[in-house]
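Dear colleague,

Please find the structure below, handed over for your use. My notes on it follow directly after.

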Amino acid sequence: MKLTIEQIADLVQGRVSGEKNPLITGAAGLMEATPGDIGFLRDAKTSKIVKQAEASRAGAILCPDDFSLPGKSLIHVKNPIAAFSKVLHVIFEERRAHPPKGIHTTAVVSTRAVIGKGVVVGPHCVVEDDVIIQDNVTLLAHVYVGARSKIGSASFLYPQVTIREDISIGNNCILHPGAVIGADGFGYFFSNGQHNKIPQVGTVIIEDDVEIGACATIDRGTTGQTIIKKGSKIDNLVHVAHNVSVGPCSILAAQTGVAGSSKIGAGVILGGQVGVADHITIADGVQAGGQTGINTDILEKSALFGTPAQPVKESLRQSLLLKRLPELFKEIKELKERIKNQ
């Protein structure tokens with residue numbers, strides 16, 4: 001990236017105070033930035049953040065409309081994080097892989113597959129019978145697409161993504177390295193002294209604008225479907241079990257696990273390592289802090305923490321009381337001794 005401060009202001013529809021012509025070639029946090037970088041100030045609510053901006057060596061700082069800092073080149077915008085994201089998009093597009101369109105000579109593509117316009121099928125990819133790959137899809141090296149699966153237009157699959165048979169991926173989806181979509185659900189019954197496999201004959205539907213992190217796994221339904229609805233974002237190492245429904249615009253952070261047949265509403269946020277038991281319903285807008293264990297239905301929008309999940313304030317109150325247990329135990333012991341000696 002080589003843009004002047006004024007050009008960046010035009011890009012993000014901002015207003016410059018300070019110098020306009022210095023060249024910006026990168027982006028960084030306030031404390032890591034060099035004079036060639038642009039940083040951003042989300043807000044000025046604390047003196048610590050303001051001091052970081054004052055001490056920053058950044059060539060320019062994206063900041064809220066009402067922020068001022070003499071001696072610094074500032075770009076004033078309504079939403080600094082959104083503006084910073086636009087700048088990062090410019091850098092990302094310059095750096096990310098842009099392989100040539102077409103099918104690599106080492107790829108194995110069925111003659112019965114339907115391949116759209118502007119598609120990239122990278123080295124050593126495998127595309128099985130009756131697959132439909134729509135326009136402008138990118139499959140980087142070693143991607144596998146199973147029979148009768150469909151990948152929507154402009155979706156981008158990083159190396160070693162596995163799409164099993166009969167799976168549907170929507171438009172503008174991003175699947176990161178090692179993601180596995182459509183592995184068998186974990187279904188068994190115990191009989192004759194052993195665990196017997198229940199065939200998993202359902203599917204997975206990934207709707208438009210979904211992003212799935214590295215080594216995440218989305219299991220196919222036993223029958224019917226596992227579905228990730230439009231705009232949801234799934235972090236690395238997340239597991240979504242068979243017949244789960246994840247509502248639109250939800251976020252599942254790293255190492256979250258959702259057991260079979262659970263229903264997660266719209267706009268739900270599950271922090272890192274959250275566990276959701278099977279056949280659980282979670283209402284729209286629920287937020288659960290890291291390592292929360294959800295083993296009962298959550299039928300109203302709420303903020304939860306702890307195992308079992310409780311309202312955040314209640315969980316924190318209990319945590320504070322737990323810290324006092326040694327003290328309370330000592331007091332009780334002393335009281336018992338006093339009563340005994342009366």
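In these notes, a residue is called buried when its relative accessible area is under 20%, exposed when it is over 50%, and partly exposed in between, with a 1.4 Å probe and protein chains only. By that rule, buried residues make up 40% of the 342 residues in the protein.

Please note that this is a predicted model, in which local features need pLDDT of at least 70 and side-chain atom pairs count only at pLDDT 80 or more, while totals for chains, interfaces and linings use all residues. Residues are numbered from 1 along each chain as its sequence is written, and side-chain values use heavy atoms, with hydrogens and water left out.

Overall form

The protein has five helices and 40 strands; these are DSSP runs numbered from the N terminus, with helices being H or I of at least four residues and strands being E of at least two. Along the principal axes, the C-alpha atoms fill a box of roughly 90 × 75 × 30 Å. The radius of gyration is 26 Å, whereas a compact globule of 342 residues would have one near 20 Å. That radius is taken over C-alpha atoms, and the globule rule is 2.2 Å times the number of residues to the power 0.38.

Two residues are in contact when heavy atoms lie within 4.5 Å. Of the contacts between residues at least 6 apart in sequence, 19% join residues at least 24 apart. The protein exposes about 18200 Å², and carbon and sulfur atoms supply 55% of this area. The areas come from the Shrake-Rupley method with a 1.4 Å probe.

Charges and salt bridges

The protein carries 35 positive and 33 negative charges, and their mean positions are 5 Å apart. Lys and Arg count as positive and Asp and Glu as negative, while His and the chain ends are not counted. Each charge is placed at NZ of Lys, CZ of Arg, CG of Asp or CD of Glu.

Side chains of opposite charge can pair when their charged atoms come close. A salt bridge here is a side-chain nitrogen of Lys or Arg within 4 Å of a carboxyl oxygen of Asp or Glu, and the count comes to 10 salt bridges.

One of them joins Asp-130 and Arg-112, at 2.6 Å from N to O. Asp-130 sits in the loop between β12 (126-127) and β13 (132-133) and Arg-112 in the loop between β9 (108-109) and β10 (114-115), 18 residues apart. Asp-130 is partly exposed, at 33% relative accessibility.

A further salt bridge is formed by Asp-166 and Arg-148, whose closest N and O atoms are 2.7 Å apart. Asp-166 lies in the loop between β18 (162-163) and β19 (168-169) and Arg-148 in the loop between β15 (144-145) and β16 (150-151), so this pair ties together parts that are 18 residues apart in sequence. Both count as partly exposed, Asp-166 with a relative accessible area of 30% and Arg-148 with 47%.

Arg-220 and Glu-165 also form a salt bridge, with 3.8 Å between the closest N and O atoms. Arg-220 lies in the loop between β26 (217-219) and β27 (225-228) and Glu-165 in the loop between β18 and β19, so the pair ties together parts that are 55 residues apart in sequence. Arg-220 is buried, with a relative accessible area of 2%, whereas Glu-165 is partly exposed at 24%. These two residues belong to a network of salt bridges that links Arg-164, Glu-165, Asp-184, Lys-197 and Arg-220.

Individual residues

Val-120 is in strand β11 (residues 120-121) and is buried, at 3% relative accessibility. Leaving aside neighbours within four places in sequence, the contacts of Val-120 include Pro-99, Pro-100, Val-137 and Thr-138. Thr-138 itself is in strand β14 (residues 138-139) and is buried, with a relative accessible area of 8%. Beyond residues up to four places away, Thr-138 touches Pro-99, Val-120, Ser-155, Phe-156 and Leu-157.

Ala-141 is in the loop between β14 and β15 and is partly exposed, with a relative accessible area of 21%. The C-alpha atoms of Ala-141 and His-104 are separated by 9.3 Å, at 37 residues apart along the chain.

Ser-261 lies in the loop between β32 (257-258) and β33 (263-264). The C-alpha atoms of Ser-261 and Leu-23, 238 residues apart along the chain, are separated by 54 Å.

With kind regards
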